[in-house]
Amino acid sequence: MTLMAKDAILCPACGFEQEIEVYQSINADISPELVDRLFDGEINVFNCASCGHRALVNQPLLFNDMRRDQKIQYFPVDWLNENIDSVCEQYRGIVAELEKFRNDFGFMAKSIREMSIHVVFYLDEMVAQINFRRHLHDLDA
Ligand SMILES: [Zn+2]
């Protein structure tokens, strides 16, 4: 599922308030155009309409590509540095959900039974992982 919320965010440079789309998860099968935006560095980025300041929104992002068995979770590295307990707790929650999914739907395919989650702390690393794993998958296909 692709999850998005519209959040009012204050520009860290000039204080101008602006509503932006903040994505919590991207489903590559359903929204390939969002993957293109992610590759272009245009997901969860604040572009101030008043002063032009550009900043990354500090929000976790889950990338899901069911067709290629890719699940990558991004947590902002700032969160890790500020509250590592909270990041670990959230990670455990995601793993527990994944286990439940595997138990419920694992009978359908080996790929579901073997599904795992890869964690990254930089969006650039997420893009690199997607790129690498896609290529690897497509070479085998
Ligand atoms: Zn601004």
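Me: Among contacts in the protein between residues at least 6 apart in sequence, what share joins residues at least 24 apart?
Reply: This is a predicted model: local features need pLDDT of at least 70, side-chain atom pairs count only at pLDDT 80 or more, and totals for chains, interfaces and linings use all residues. Residues are numbered from 1 along each chain as its sequence is written. Two residues are in contact if their C-beta atoms, placed from the backbone, lie within 7 Å. For contacts between residues at least 6 apart, the share joining residues at least 24 apart is 53%.

Me: What is the strand order of the open sheet of five strands?
Reply: Two strands pair if DSSP finds at least two bridges between them. The edge strands, each pairing on one side only, are β1 (3–10) and β7. Pairing in the sheet is mixed, and the order is β1-β2-β5-β6-β7.

Me: Which residue takes a positive phi in the hairpin of β1 and β2?
Reply: β1 and β2 are antiparallel and share eight bridges. The hairpin leaves six residues between the strands, and the one with phi near 85° is Gly-15.

Me: Do β2 and β5 run parallel or antiparallel?
Reply: Ser-25 has Leu-62 in β5 as its bridge partner. Three bridges join the two strands, and their sense is parallel.

Me: Is Asn-44 buried or exposed?
Reply: A residue is buried if 20 or more other C-beta atoms lie within 10 Å of its own, exposed if 12 or fewer, and partly exposed in between, with C-beta atoms placed from the backbone. Asn-44 is in the loop between α1 and β3 (45–47), and its phi, near 55°, is positive although the residue is not glycine. Because Asn-44 has 25 C-beta neighbours inside 10 Å, it counts as buried.

Me: Why does Asp-69 count as partly exposed?
Reply: The criterion is again the number of C-beta neighbours inside 10 Å. Asp-69 counts as partly exposed because its number of such neighbours is 15.

Me: How far apart are the end C-alpha atoms of helix α5 (residues 123–140)?
Reply: The expected span of a helix is 1.5 Å times one less than its number of residues. For the 18 residues of α5 this should give 26 Å. The model agrees, since the distance between the end C-alpha atoms is 26 Å.

Me: Within what arc do the buried residues of α5 fall, seen down its axis?
Reply: The buried residues of α5 are Met-126, Val-127 and Ile-130. The arc is that of the directions from the helix axis to the C-beta atoms. The buried residues line one face of the helix, because their arc is 95°.

Me: Which elements do the buried residues of α5 pack against?
Reply: The face turned away from the buried side carries exposed residues, including Phe-132, His-135 and Leu-136. On the buried side, the packing partners are α1 (32–39), β5 (61–65), β6 (70–74) and β7 (118–120).

Me: At about what angle does α5 run to β6?
Reply: Axes are lines fitted to C-alpha atoms, for helices over the stretch in contact, and angles run from 0 to 180 degrees between N-to-C directions. α5 lies across β5, β6 and β7, and its angle to β6 is about 170°.

Me: How many residues of α3 are buried?
Reply: Helix α3 (residues 84–105) reaches 31 Å from its first C-alpha to its last, close to the 32 Å expected. The helix is hardly covered: among its 22 residues the buried count is zero.

Methods: Helix = DSSP H or I, 4+ residues; strand = E, 2+ residues; numbered from the N terminus.
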